Amino acid sequence: MLSEYPKLLQVEPTNKCNYSCSMCLNASENSENFFLSLDNFQLLAEEVFPNLEKLVLYGFGEPLTHPDFIEMLEISRKYLPPESRVSITTNGSLLNKNKIDAIIDRQLADEIVFSCDMLLNDKIKPELHSLEDKNVETNLRYLLERNASKKIRIGIQSVLMKSNINQIEGIISKFGLMGIDFIALSHLFPFFENLQEEVLFTMISQEALSVLKENNIQWKEIILGVSKEKFAEKMQETYKQLYKNKEHIKPKTRPFSEIYRKAQVKAKEKNVHLNVSLYLKEKDKLKALHELEKLFKKFSDIAEERNIELILPAIFPKFSDRKCPFQTANASVIRSDGNVVPCFNYLWDHESYLNSHVRKNSSFTFGNIHQKPFLEIWKSDQYLKFRLKVDEMNENIPYCCDCSLSSNNCFYAIEDTSDCWGNIPFCSECPYSLNLTKCII
C-alpha cells in the first residue's frame, strides 16, 4: 500500500551554482536560475515536514548560493519531528566559518556531504571541482574541528570518471585521516557527448552478460546464421517454402543458428533479452571493467583501514535488483521553481549518452507547489499510478539496455516520449535504478 505522506523529501533550494564542473548539467549555459522563496518553503514545511523522516537539501545548484539558506534550515528544524534528519550536499566553497558556526550551534543539520571529484595537482583539469580549491579544504577542516562531538555525519561524494579514477585512492586516504565518516562514489551520468568516453560501467545486465559470455564466439556470425553465406542460403530456402505453400507460415528452416536459439532460451529463463549490438561494441571495455572491480576491492581495503564507510556503485548491473531508489525511499523531489518531479533524473531537461545512443530527456512534473498544495499533487491519480508502476519495476517497465533495438535507433529509446509499453515518464534506461549513478538521499 502506498504511503499517505512521503518519508523523504528532496528540495532543491536553487539551481544556481557558483561552479561550472564539466560533468554537471550546470555546465550548460541554457539554464535559467531559480530560487525557491522562503514563503513557499514555509508553507511546504507546515504541510509536509511533520511527517518526514528525512529532508535532503540539494539539487543541480549549490544550496548555499540561496540567500536564505540558513533560514530554510531553521524552518526545517522547527517543523520536522525531533528524530528526523536533515542532509545537505555542497561543494563547500561557501560553507564558511559563520555558516558552520550557525549550523553547529543551532543543530541545523545531521549530515553534510562535500562534493569532490579531484585532488588538486598540476595535471588536473581546471573545470573539475577539487576539495583543495577555493578554501574548500579549510572549510572542511573547520567543520570537522567544530564537529568534534560527531553530532553531524560528514561525508565526501565523488563522481567516478576515467579522468579521476587514479585520484580516488588518494581521496580515501587523505580525507579518511581527517576524520570523514563516509565516502560515497557514484558513476558519471553522461549529459554531454564528450563524456561518453569517461564512463566506467556497462548497462548490459549481469544476467545477459552471463549468457553472452557463455557463448563466447563470433556473435556477428551467430546472429547472421553462422555465416553470411549460410544466412543467404537459408533465406533462399525460406522464400522457396513460402512461395511453394503460397501462405505466410513460419518456415521450418530458420535463418538463425542453433547456438543463438539456445542462448535466447537461456536469456528467457533469466527474464532478460540479449543486446548483442551493445555487447559487440563494449567487448574491449568489459575487460577493463573487470580490472575496475579489483580496484574497487583495493578502495574498500583502504577505507576499512581508515575506518571510513565506503559506498560503491555497481559496475555490472543486476537486472533482478533493478528498482527505483526514490520509490524505495518513499521519496519525492521539489525543484527550485516549485515543480514536483519523480526523481533526480527528471529535475531538468537534459540529454543522455547511454547505451550507444543519445536521448533527449525532458523534465517531468506532476504539478507545482506554487499552484497546488504538495499533498494534493502527491495524492493525485497520475502520481499514484506512477508510484504503483515503479514499485514493481521489472514487471511494469521494460529494460532497454538488454534490448538490441535500443542500441540501433529504436524510436522509443531515442525519442522523448513513452517507453514501448506506454509508460510515461520514460524510466527504461535509468542508471539510478541499477545502482550505477547514485544520489545522496
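This briefing covers a helix pair, aromatic ring pairs and charges over rings in the structure above. The model is predicted: local features need pLDDT of at least 70, side-chain atom pairs count only at pLDDT 80 or more, and totals for chains, interfaces and linings use all residues. Residues are numbered from 1 along each chain as its sequence is written, and side-chain values use heavy atoms, with hydrogens and water left out.

**Helix packing**
- Helix 5 (residues 168-178) and helix 10 (residues 276-305) have axes that come within 9 Å and cross at roughly 10°.
- Helix 5 is therefore roughly parallel to helix 10 (angles under 35 degrees).
- Helices are DSSP runs of H or I with at least four residues, numbered from the N terminus; axes are lines fitted to C-alpha atoms over the stretch in contact, with angles from 0 to 180 degrees between N-to-C directions.
- I168, E169, I172 and S173 of helix 5 meet K298, F299, I302 and A303 of helix 10 (heavy atoms within 4.5 Å).

**Aromatic pairs**
- The structure contains 17 aromatic pairs (ring centres within 6.5 Å, using the six-membered ring of Trp).
- F364 and F366 form an edge-to-face pair, because their ring centres are 5.2 Å apart and their planes stand at 80° (edge-to-face means over 60 degrees).
- Both F364 and F366 are buried (under 20% relative accessible area, 1.4 Å probe, protein chains only).
- A cluster linked by ring pairs comprises Y58, F60, F189, F191, F192, F344 and Y432.

**Charge over rings**
- R387 lies over the face of W378, at 3.7 Å from the ring centre (CZ of Arg within 6 Å of the ring centre and within 35 degrees of the ring normal).
- R387 also lies over the face of Y383, at 5.6 Å from the ring centre.

Note on methods. Helix = DSSP H or I, 4+ residues; strand = E, 2+ residues; numbered from the N terminus. Parallel < 35°, antiparallel > 145°, perpendicular 65-115°, else oblique. Phe/Tyr/Trp six-rings, centres within 6.5 Å; stacked < 30°, edge-to-face > 60°. Buried < 20%, exposed > 50% of the residue type's maximum accessible area, 1.4 Å probe, protein only.
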